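Reader: I'm new to reading protein models. Could you pick one part and walk me slowly through what holds it in place and which charged pairs sit around it?

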Amino acid sequence: LLPPARARDRQLRQDLLSDRRVRHRAPPCVELQGPPPAIQQRRSRYHVLTRFGDDAEPISIRQSSKSWAVKIGRHLSNSTTTAGPDSRASNDGSRAALHSPPRDVLPLGDLGGRQRARGGRPAPAHVAADRAGTSVLGIKYRDGVMLAADTLCSYGTLAMFKDAKRLTTVGDNTLVGAGGEYSDFQKIQHMLEDITGDDRNYDDGYNHSPSEIYHYLRAVMYQRRNKMNPLWNNLLIGGFKDGEAFLGSVDMIGTAFTDDFLATGFGAHLALPILRKRWHPDMEEGEARELLEDCLRVLFYRDCRALNKVQVAKATAEGTIVSDPYTISTNWSSASFMQNAGNLQGDGGW
């Protein structure tokens with residue numbers, strides 16, 4: 001059972017959001033005399049939107065213990081009024097049109113981690129990845145770590161962008177590859193650029209290790225998930241520092257683990273069996289690249305959101321490098337690809 005005060009507050013908030021009389025029958029123009037009737041008994045600090053008649057400046061009214069503070073625009077006025085039947089707001093004579101509380105009423109000072117859109121209301125969180133990339137593959141080999149991904153960014157079933165680079169470098173020894181929402185990956189890139197910028201500005205010779213970038217991204221993804229506004233990405237973090245290769249995975253809810261070979265998206269179903277069969281710890285660089293290209297070729301055959309234009313990146317003791325996009329060869333002479341659609345003769349048409 002909730003404490004009486006919390007139960008009362010919750011009931012009042014439900015009444016404000018569901019009572020049609022409060023929303024639709026409020027007088028079109030009332031004077032500000034103490035707390036507005038719609039929120040007079042509400043003890044929690046929630047926004048109520050009002051608007052001055054002359055200059056149309058948005059204000060919000062909030063309760064602080066027994067006083068009401070009027071916030072005009074972004075500046076909080078120094079004058080407060082005591083909640084009572086005869087009290088009046090500052091600037092006597094001003095009139096405001098009292099609007100009903102919006103449906104997305106949030107506590108003052110707590111936006112749940114969501115950015116504000118134009119008009120002061122919180123911007124909606126992602127409910128799905130709109131422009132998304134698919135699988136990212138990563139393996140360790142004898143001299144370092146190698147990541148690979150295609151360059152397709154799909155809008156639903158539409159192959160929208162065919163030159164979306166989903167591999168990036170962080171500092172001198174770390175690689176990050178991302179599947180999922182491309183705009184969220186750009187957000188992550190900006191966050192990582194801030195970290196590398198701090199390393200340069202301190203100028204003390206220290207750069208964050210791949211393991212530190214991995215743990216940082218794990219915390220970021222888990223924090224955003226807890227704010228109900230996740231970054232819709234599955235990430236692979238690879239790098240090489242102090243003679244040791246590193247490869248880890250972080251998904252959109254903060255689940256994180258490391259391994260010798262990893263894959264995200266459809267690659268976790270189609271490429272991992274190939275990696276398990278052919279990977280060994282003493283692979284040469286050419287052998288590792290050939291293995292990744294074979295996996296990307298299978299994904300192009302079997303994943304409708306994959307492309308045969310790919311990138312490969314590596315991290316070794318000499319540093320990091322990301323290749324330019326290039327096209328891998330394909331072979332469609334397999335019997336399963338030559339079978340007529342629907343077992344019909346000809347091209348399958350009527």
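Author: Let's start with a term we'll need: a residue is called buried under 20% relative accessible area, exposed over 50%, and partly exposed in between. Aspartate 163 has 46% relative accessibility, so it counts as partly exposed. Keep in mind that this is a predicted model.

Helix α7 covers residues 285-302, which makes 18 residues. From its first C-alpha to its last, α7 reaches 26 Å, close to the 26 Å expected at 1.5 Å a residue.

Which residues of α7 are buried? The list is Ala288, Leu291, Leu292, Glu293, Asp294, Cys295, Leu296, Arg297, Leu299 and Phe300. And what do they pack against? On the helical side, the buried residues of α7 pack against α5 (267-270) and α6 (272-278). Their strand partners are β8 (136-141), β9 (144-150), β18 (309-316) and β20 (326-327). Hold on to β8, β9 and β18, as those names come back below.

Next, the charged pairs. A search of the whole structure turns up nine salt bridges; here are some of them. Take aspartate 260 and lysine 140, whose side chains meet in a salt bridge at 3.7 Å, N to O. That pair links distant parts of the chain: lysine 140 belongs to strand β8, while aspartate 260 is in the loop between β16 (256-258) and β17 (261-263), 120 residues apart. Aspartate 260 has a relative accessible area of 30%, so we call it partly exposed.

Then there's glutamate 284, which forms a salt bridge with arginine 142, with the closest N and O atoms 2.8 Å apart. Glutamate 284 lies in the loop between α6 and α7 and arginine 142 in the loop between β8 and β9, so this pair ties together parts that are 142 residues apart in sequence. Both partners are partly exposed: glutamate 284 has a relative accessible area of 36%, and arginine 142 is at 47% relative accessibility.

Back to aspartate 163: its salt bridge is with lysine 309, and the closest N and O atoms are 3.8 Å apart. Here too the pair links distant parts of the chain, with aspartate 163 in the loop between β11 (158-161) and β12 (167-170) and lysine 309 in strand β18, 146 residues apart. Lysine 309 is at 26% relative accessibility, so it counts as partly exposed. One last thing: salt bridges that share partners join Arg142, Asp143 and Glu284 into one network.

Notes. Residues numbered from 1 in each chain as written. Predicted model: local features only at pLDDT ≥ 70, side-chain atom pairs only at ≥ 80, totals over all residues. Heavy atoms only, no water. Helix = DSSP H or I, 4+ residues; strand = E, 2+ residues; numbered from the N terminus. Expected span 1.5 Å × (residues − 1). Buried < 20%, exposed > 50% of the residue type's maximum accessible area, 1.4 Å probe, protein only. Contact = heavy atoms within 4.5 Å. Salt bridge = Lys/Arg side-chain N within 4 Å of Asp/Glu carboxyl O.
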